[in-house]
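User: Could you take a close look at one helix for me and tell me how its residues are placed? Some words on its surroundings would be welcome too.

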Amino acid sequence: MHEHGVGGTVREETGPDVRAEVRPRPTMDRDTLAELHRLHASALLRALLRLTSGDRGKAEDMLQETFLRAWQNPQALTRGPEHGRPWLFTVARRIAIDHFRAQSARAKELGDEAPEDRAAPDDPYEEIVTAHAVGGALAELPRHHREVLVELHLNDRSTTDAAAVLGIPPGTVKSRNFYAVRALRSALERHGLAPA
């Protein structure tokens, strides 16, 4: 269609505004996200509570952000919800690092107390370095020791529950835990951490 403009000029209309089709990013389906949350949220929250020195509000915010990123990145969890814990912990750790960096960059208002009167804040970077060292020490252990430690101490299972998950008798869980703790102590010392 042609249209006459000011001064007799002709302006051509090309029709409706045709824009490139914008495709929404794929997101994780609701059921998969719910299963991922059911399987891993409590363990993630415990870890985030440790990183935030028990600040439940911050830990829950970080947990929510972690699952938001999982929802936005379904391609990262193609092996299924039961295999998502390592990815989720990596994301949560990065969120915590970003949070603490942003927090330290902001100027904080000071009250009447002198800087030397305030308690020194926990160093989240030190906690992260320690977590990596512990992960490295755990990786050095034989699989049967590592599995018992993970079930009893990281997943907070009872001896009976750990035995059921691992398919071994409760007495074997206790015995393996005893030797695994000793082996972990040695590995931690090799990594420069002297356990209490």
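Analyst: In helix 7, the buried residues are Val-173, Asn-177, Ala-180, Leu-184, Ala-187 and Leu-188; buried here means under 20% relative accessible area, with exposed over 50% and partly exposed in between (1.4 Å probe, protein chains only). Look down the axis of helix 7 and its buried residues sit within an arc of 95°, so they line one face; that arc is taken over directions from the helix axis to the C-beta atoms. This is a predicted model, so local features need pLDDT of at least 70 and side-chain atom pairs count only at pLDDT 80 or more, while totals for chains, interfaces and linings use all residues. Numbering runs from 1 along each chain as its sequence is written, and side-chain values use heavy atoms, leaving out hydrogens and water.

As for length, helix 7 covers residues 170–190, and its 21 residues should span 30 Å at 1.5 Å a residue (1.5 Å times one less than the number of residues). Its end C-alpha atoms are 30 Å apart, which agrees. Helices are DSSP runs (H or I, at least four residues), numbered from the N terminus.

Now back to Leu-188, one of the buried residues in helix 7. Leu-188 is 54 residues from Val-134 in sequence, yet their C-alpha atoms are 6.7 Å apart in space. Val-134 belongs to helix 4 (residues 124–140) and is partly exposed, because its relative accessible area is 29%.

How values were computed
Helices (H or I, at least four residues) and strands (E, at least two) are DSSP runs, numbered from the N terminus.
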